[in-house]
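Try each task yourself before reading on to its solution.

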Amino acid sequence: MTSKLKVFFTAGDQINWAVDEDLVHTRKALEDHVEFTDIVSADIVFASWWAPLLDIDASELQGKRVVCFMHGEPARFLSAPNHRLSFEKVHLWITRSVQATKALKDLGYNAEHVPYLANTSKFEKLPPESPLLQSMATRLAA
């Protein structure tokens, strides 16, 4: 039996915003595939937001892979002094747009595109024959 990767999750932004929601969905998606652990035992440190990474000493990250969501465009973050410091710690950026992925790769950073998640208990795809969908399409076409 193969042992599961051990993952430590940093805090989100703790204001119940999209970053915290991403953290909840990411943990749920991984719960059957990895072992959640403390930072000392972790193979991977996952940050849904860059700021908590600044509070982690580089020595605590030695030998670990650091994965972080990039919310927005890289140029904006590279121009912010504090955010720029997180680039020294992150091995893989998970971007929300194809453009952000390309921009990071063009700058020599490792990045993968994963679109925003949707809560399927709240949102579902409407069938093409849905009256609501037809009504919205008519209004948008006008």
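For a start, a salt bridge here is a side-chain nitrogen of Lys or Arg within 4 Å of a carboxyl oxygen of Asp or Glu. Keep in mind that you're looking at a predicted model.

**Exercise 1. Track down the salt bridges, and say where the partners sit.**

Step 1. A search through the whole structure turns up three salt bridges.

Step 2. Begin with K102 and D106, whose side chains meet at 2.7 Å, N to O. That passes the test of within 4 Å. The two are four residues apart in helix α5, so about one helical turn separates them. K102 and D106 are both exposed.

Step 3. Next, look at R96 and D22, with their closest N and O atoms 3.0 Å apart. R96 is in the loop between β5 (92-95) and α5 (98-106), while D22 belongs to helix α1 (residues 18-30), so this pair ties together parts that are 74 residues apart in sequence. Here both partners, R96 and D22, are buried.

Step 4. Finish with K28 and E31, where the closest N and O atoms are 3.8 Å apart. K28 has 56% relative accessibility and counts as exposed, because the exposed class starts over 50%. E31, at 40%, counts as partly exposed.

**Exercise 2. Work out which residues Y116 touches beyond its sequence neighbours.**

Step 1. Find Y116 in the loop between β6 and α6.

Step 2. Check its cover: the relative accessible area is 48%, so Y116 is partly exposed.

Step 3. Skip residues up to four places away in sequence, and Y116 touches D22, H71 and R96.

Step 4. L126, L132 and M136 make a nonpolar surface patch of about 240 Å².

**Exercise 3. Follow β3 through its strand pairings and its side chains.**

Step 1. On one hand, strand β1 (residues 5-9) runs parallel to β3, joined by three bridges. V7 stands opposite I44 in β3.

Step 2. On the other hand, β3 pairs with β4 in the parallel sense over four bridges. V45 has V66 in β4 as its bridge partner.

Step 3. Now the side chains: I44 and F46 point one way from β3, V45 and A47 point the other way, and all are buried.

Step 4. Step back into the loop between β2 (34-36) and β3 to find A42. At 5% relative accessibility, A42 counts as buried. Leaving out neighbours within four places in sequence, its contacts are K6, V7, F8, T37 and K64.

**Exercise 4. Which residues touch the most other members of the largest nonpolar core?**

Step 1. This core has 17 residues, and V45, L53, C68 and W93 touch the most other members.

Step 2. Sort by strand: β3 (44-47) and β4 (65-70) each supply at least two residues of the core. β4 gives the largest share, three residues.

Step 3. Another core lies apart from this one, with nine residues, including V7, L23, V67 and I94.

Step 4. Zoom in on W93. Beyond neighbours within four places in sequence, W93 is in contact with a list of residues, among them C68, F69, M70, F87 and L104. H83, Y109 and E112 are also in contact with W93.

Note on methods:
Residues are numbered from 1 along each chain as its sequence is written. This is a predicted model: local features need pLDDT of at least 70, side-chain atom pairs count only at pLDDT 80 or more; totals for chains, interfaces and linings use all residues. Side-chain values use heavy atoms; hydrogens and water are left out. Patches are made of residues with over 30% relative accessible area and no salt bridge: like charges are joined within 9 Å, nonpolar side chains (Val, Leu, Ile, Met, Phe, Trp, Tyr) within 5 Å. Accessible areas come from the Shrake-Rupley method with a 1.4 Å probe; for residues, only the protein chains shown count as cover. A nonpolar core is a set of buried Ala, Val, Leu, Ile, Met, Phe, Trp, Tyr and Cys residues joined through side-chain atoms within 4.5 Å. Buried means under 20% relative accessible area, exposed over 50%, partly exposed in between (1.4 Å probe, protein chains only). Contact means heavy atoms within 4.5 Å. Two strands pair if DSSP finds at least two bridges between them.
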